[in-house]
Amino acid sequence: MLRDPEHLIFRALCIHLSDHGFALESVFDGGAEPATSTPAEAEAVVASVDEATVWFKHSATPGRRYGIFLTPGEGADLICDYTCPPAEKDPQGWTQALDEFMDWIDANF
């Protein structure tokens with residue numbers, strides 16, 4: 001398990017994205033990319049490595065993947081980077097959802 005506040009941020013991130021229609025797909029741990037369907041599964045993979053990319057999908061765009069690069073051990077800076085498609089290629093609002101979440105982190109940590 002990630003340490004607080006990382007655990008809280010990761011769980012809140014998964015809930016926030018789920019509320020916006022994005023589902024966990026897998027976690028790339030630098031060597032493998034096991035499928036994950038729950039925040040607990042994804043968090044266990046992320047917590048076991050120094051860096052990971054968590055991949056999400058949206059039912060409206062089944063061939064599209066949305067990634068978040070995480071660096072455990074950085075506290076509130078757990079989220080290092082994320083994909084940002086141009087607005088015309090982002091009808092599901094991925095970038096807006098992540099920008100909102102980053103604002104939440106800034107306000108709470």
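Author: Arg 11 counts as partly exposed, at 29% relative accessibility, where buried stands for under 20% relative accessible area, exposed for over 50% and partly exposed for what lies in between, computed with a 1.4 Å probe on protein chains only. The model is a predicted one, in which local features need pLDDT of at least 70 and side-chain atom pairs count only at pLDDT 80 or more, whereas totals for chains, interfaces and linings use all residues. Residues are numbered from 1 along each chain as its sequence is written, and side-chain values use heavy atoms, with hydrogens and water left out.

The structure holds three salt bridges, the term being used for a side-chain nitrogen of Lys or Arg within 4 Å of a carboxyl oxygen of Asp or Glu. In one of them Arg 11 is joined to Glu 43, and the closest N and O atoms are 2.9 Å apart. This pair links distant parts of the chain, since Glu 43 belongs to helix H2 (residues 39-47) and Arg 11 to helix H1 (residues 6-19), 32 residues apart; helices (H or I, at least four residues) and strands (E, at least two) are DSSP runs, numbered from the N terminus. Glu 43 has a relative accessible area of 2% and is therefore buried.

H1 itself has 14 residues and spans 20 Å from its first C-alpha to its last, close to the 20 Å expected at 1.5 Å a residue, the expected span being 1.5 Å times one less than the number of residues. Among the buried residues of H1 are Ile 9, Phe 10, Leu 13 and Leu 17. The elements that cover the buried residues of H1 include S1, H2, strand S2 (52-58), S3, strand S4 (79-82) and H3, with contact meaning heavy atoms within 4.5 Å. After H1 comes Gly 21, whose phi is positive, near 90 degrees.

Arg 65 takes part in a network of salt bridges with Glu 25 and Glu 33. The side chain of Glu 25 meets that of Arg 65 at 2.9 Å, N to O. Because Glu 25 lies in strand S1 (residues 22-28) and Arg 65 in strand S3, this pair ties together parts that are 40 residues apart in sequence. The salt bridge between Glu 33 and Arg 65 has an N to O distance of 2.3 Å. It links Glu 33, in the loop between S1 and H2, to Arg 65 in strand S3, 32 residues apart. Partly exposed are Glu 25, at 24%, Arg 65, at 33%, and Glu 33, at 36%. The charged end of Arg 65 also sits over the ring of Trp 55, 4.3 Å from its centre, a description that requires NZ of Lys or CZ of Arg within 6 Å of the ring centre and within 35 degrees of the ring normal.

Turning to the rings, the structure holds six aromatic pairs. Tyr 66 and Trp 94 have ring centres 5.0 Å apart and planes at 35 degrees, so this pair is tilted. Tyr 66 lies in strand S3 (residues 61-70) and Trp 94 in helix H3 (residues 94-108), 28 residues apart, and the pair links distant parts of the chain. Rings of Phe, Tyr and Trp (its six-membered ring) pair if their centres lie within 6.5 Å, with planes under 30 degrees apart counted as stacked, over 60 as edge-to-face and the rest as tilted. Both Tyr 66 and Trp 94 are buried, and together with Phe 22 and Phe 56 they form one aromatic cluster.
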